[in-house]
Amino acid sequence: MVVTTQRALFARLPKVPELMPFMPLADGLPTPVEQVDERLWVQREEHTSSAYGGNKVRKFEFVFPVAQRRGGPLVTAGGIGSHHVLAAAVHAERHGLDVDAVVYRQPVSDDATRTQEALNRLANVHITRIPSPYLMPAALAGRLAVLAPKRPYLLWPGASTPLGTLGYVSAGLELVEAFEQNGWPEPHVVVVPLGSGGTAVGTALGLAMAGWTRAEILAVRAADFVVTNRAVLSALEAGTAALLTLAGWRPRPVRMRIARQWFGGAYGKPTRAGDEAMRVAEEMGLTLEPTYTAKAFAAALDQLGRGRRVAFVQTFAGPHASTAAG
Ligand SMILES: Cc1ncc(COP(=O)(O)O)c(C=O)c1O
């Protein structure tokens, strides 16, 4: 595993690594961008890390060093089959850190079961189960209080704080670089799944920083409205842009739209469009999961059907990552 400290964002704004906490964790950057159809490109984020890939590790690089300095466990939360919790536990274990996770129920799927089993195999994880995501704030506060003497760090669910979101700015920059290097035309739309928002907001800022003015980010809602709404995304964008401004960037507006119709009413609940999208993706050599990427890919296929050029951000680490974890 060779982890370098080169990141697309640092090449653009060299002050970022001087001003922000940073701990290199990802060994697969830049991730490949592949053209899989005449008007469809895929940014393969499953390759971000050989330890546990997908979209979390880019964000962890900016928040883990804060936790490490505090020295206590990372307190976080997610669904029982959460990739965020598992990815946090895998990367934390490699750096001698513990994870204290609050997990809530979600619909059963092969992917959720695999992820849950992997989490149970890890020795550095303590789990508190709660029946509903709405109890999460109280449960997190309770764990933080109990662990206070150990100096815990609140790893925001999804790691989508302004600091964590800096990690995804590099992904947006890398996407534009890949298009430019290959002479591909700017897509009309860049489709990403929307959970805690860091992937969508960071990518959108990266596209704006690289000078794409046409492509719109389509953030496909995969979690409850309480977290996936315009106000949350705007606040995250403002906070992240403020950090970038400290490093010398003059903020530009991002082009982002939230697609609501692919959600299907509940977090983690498979949808017919998502299942069909997973099947189509498999034929293209892409393995997706039902909670996030299947719903986002259904939106991407819909955009393709409307004659648009589409870049899809494949944020799932892949089933092998959960199987290997622990
Ligand atoms: C596979 C996958 N894609 C996308 C997301 C959502 O990303 P974000 O929380 O940055 O919106 C998640 C979040 O857990 C995820 O596991």
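User: Is Thr48 buried or exposed?

Analyst: Look at the relative accessible area; under 20% counts as buried. Thr48 has a value of 0%, so it is buried. Keep in mind that this is a predicted model.

User: Where does Thr48 sit in the chain?

Analyst: Find the elements on either side. Thr48 is in the loop between β2 (40-44) and α3 (56-70).

User: Which residues is Thr48 in contact with, beyond its neighbours within four places in sequence?

Analyst: The list includes Ala26, Asp27, Gly28, Leu29 and Thr31. Gly53, Gly54, Val57 and Arg58 are also on it.

User: What kind of peptide bond joins Leu29 and Pro30?

Analyst: Read omega. Here omega is about -5°, and the bond is cis. Pro30 is in the loop between α2 (16-19) and β1 (33-37).

User: Now helices. How do I check the length of α6?

Analyst: Compare the expected span with the distance between the end C-alpha atoms. Helix α6 has 12 residues, 136-147, and should span 16 Å at 1.5 Å a residue. Its end C-alpha atoms are 16 Å apart, so the two agree.

User: Which residues of α6 are buried?

Analyst: Start with the general idea. An α-helix has 3.6 residues a turn, so residues three or four places apart point the same way. Now the case here. Met136, Ala139, Leu140, Arg143 and Leu147 are the buried residues of α6. They cover an arc of only 100° around the axis, so they are on the same side of α6.

User: What do those buried residues pack against, and which exposed residues are on the face turned away?

Analyst: The buried residues of α6 pack against β3 (74-79), β4 (99-104), β5 (125-130) and β6 (153-154). The face turned away from the buried side carries exposed Pro137, Ala138 and Ala145.

User: How many residues of α7 are buried?

Analyst: Count along the helix. In α7, 16 of the 21 residues are buried, so the helix is largely enclosed by the rest of the structure. Its span should be 30 Å, and its end C-alpha atoms are 31 Å apart, which agrees. Gly183 follows α7, with a positive phi near 70°.

User: Which residues have a positive phi although they are not glycines?

Analyst: Two to look at are Arg151 and Ala159, each with a phi of about 60°. Arg151 lies in the loop between α6 and β6. Ala159 is in the loop between β6 and α7. Next, read their accessibility. Arg151 is partly exposed, at 44% relative accessible area. Ala159 is buried, at 1%.

User: Last, the ligand. Which residues are closest to it?

Analyst: The ligand is surrounded by 16 residues; Lys56, Lys59, Ser196, Thr199 and Thr315 are the closest. Then look for N and O atoms. A polar side-chain atom of Lys59 lies 2.6 Å from a ligand oxygen. For Lys56, an N or O atom of the side chain is 2.8 Å from a ligand oxygen. Gly195 uses its backbone: a polar atom there is 2.8 Å from an oxygen of the ligand.

User: How much of the ligand does the protein bury?

Analyst: Compare the ligand alone with the ligand in place. Alone, the ligand exposes 390 Å², and the protein buries 97% of that.

Terms used:
Residues numbered from 1 in each chain as written. Predicted model: local features only at pLDDT ≥ 70, side-chain atom pairs only at ≥ 80, totals over all residues. Heavy atoms only, no water. Helix = DSSP H or I, 4+ residues; strand = E, 2+ residues; numbered from the N terminus. Expected span 1.5 Å × (residues − 1). Buried < 20%, exposed > 50% of the residue type's maximum accessible area, 1.4 Å probe, protein only. Arc of directions from axis to C-beta. Contact = heavy atoms within 4.5 Å. Near = heavy atom within 4 Å. Polar contact = N/O pair within 3.5 Å; in protein donor to acceptor, adjacent residues only side chain to side chain. Areas by Shrake-Rupley, 256 points an atom, 1.4 Å probe, with all protein chains shown as cover.
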